[in-house]
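Please load the model in a viewer and keep the sequence panel open beside it.

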Amino acid sequence: MERWLKEAGIRPLHEALFEMCKKQPNAVALDYFGKKISYGELEKLVRKCASAFAKLVPDNRTGERVAIFMPNIPQFVVSYYGALAAGMIPAKVNFASIVKELKVKRPGEIKLTEEIIAQFEDAKPKVLVVADICWPIANQLGDRLSGCTVIFTGMKDFLPFPKNVLYPLKARKEGKLIPCPKGAHQFKALLGAASKKYRSSGASV
């Protein structure tokens, strides 16, 4: 299939992104509450994320799923393209079944839905990248997360100053300040430790 796609001139999404990053590295790719991330910066983040995934799932990762459970924040984009670049399959957890509750309830008060359970059982992910506000729901999966590496990220991680300082105060007041679970990896720490280069499908990218 991959050979046929290449012969037809169809490229993987992450390669199309990387080409765009090289064409206009200084253009704004993401704007998160005033935090602007250029295409050049985004490429570095995606490559580091791919490298981190490759280290977490070193053998036979091609086709393995990376579940992404978070709202529309920069970490979603980085994780999605990072999974593709690592030869894995991003599996977005659709939390439409809880989005209304997230607006009015504390995360710990929200019950896991059958829709989310079905998505996890179908994907059987090797890696779960989860935002703090979604962790209390994901944690209810219990044994379904067995063998799944958890990567934890905070809503504030990419916020600009002073929002990154003020957000924890607001989140604590609303019961949405969720600590990193024991045994989980910190998203930003993984990116900080990851190499900018990685190997995918036996070739340097």
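Select Val-28 and Ser-38: Val-28 stands opposite Ser-38, a residue of strand E2. Strands are DSSP runs of type E with at least two residues, helices are runs of H or I with at least four, and both are numbered from the N terminus; two strands pair if DSSP finds at least two bridges between them. Between the strands of this hairpin there are two residues, and Phe-33 takes a positive phi near 50°.

The model is predicted, and local features therefore need pLDDT of at least 70, side-chain atom pairs count only at pLDDT 80 or more, and totals for chains, interfaces and linings use all residues. Residues are numbered from 1 along each chain as its sequence is written, and side-chain values use heavy atoms, with hydrogens and water left out.

Next, select helix H2 (residues 13-23) and display the side chains of His-14, Leu-17, Phe-18 and Cys-21, which are buried. Buried means under 20% relative accessible area, exposed means over 50%, and partly exposed lies in between (1.4 Å probe, protein chains only). Viewed down the axis of H2, the buried residues fall within an arc of 100°, so they line one face of the helix; the arc is that of the directions from the helix axis to the C-beta atoms.

Remain on H2 and select Lys-23 with Glu-19. These two residues form a salt bridge, with the closest N and O atoms 3.1 Å apart. A salt bridge is a side-chain nitrogen of Lys or Arg within 4 Å of a carboxyl oxygen of Asp or Glu. Lys-23 and Glu-19 are four residues apart in helix H2, and so are separated by about one helical turn. Lys-23 is exposed, at a relative accessible area of 62%, whereas Glu-19 is partly exposed at 34%.

The whole structure contains seven salt bridges. Among them, Glu-101 pairs with Lys-105, the closest N and O atoms being 2.9 Å apart. Another joins Glu-174 to Lys-170, with the closest N and O atoms 2.9 Å apart. Then select Lys-22, Glu-43 and Arg-47, which salt bridges with shared partners join into one network.

Move to Thr-113, in the loop between helix H5 (99-104) and helix H6 (114-123). Is this residue buried or exposed? Thr-113 is buried, with a relative accessible area of 15%. Its side chain makes a polar contact of 2.9 Å with that of Ser-97. A polar contact is a pair of N or O atoms within 3.5 Å; within protein, one must be able to donate a hydrogen and the other to accept it, and residues adjacent in sequence count only if both atoms are side-chain atoms. Neighbours within four places in sequence aside, Thr-113 is in contact with Ser-97 and Ile-98.

Finally, select the cysteines. The count of disulfides, defined as pairs of cysteine sulfur atoms within 2.5 Å, is zero. For Cys-21, the nearest cysteine sulfur is that of Cys-49, 14 Å away.

How values were computed. Contact means heavy atoms within 4.5 Å.
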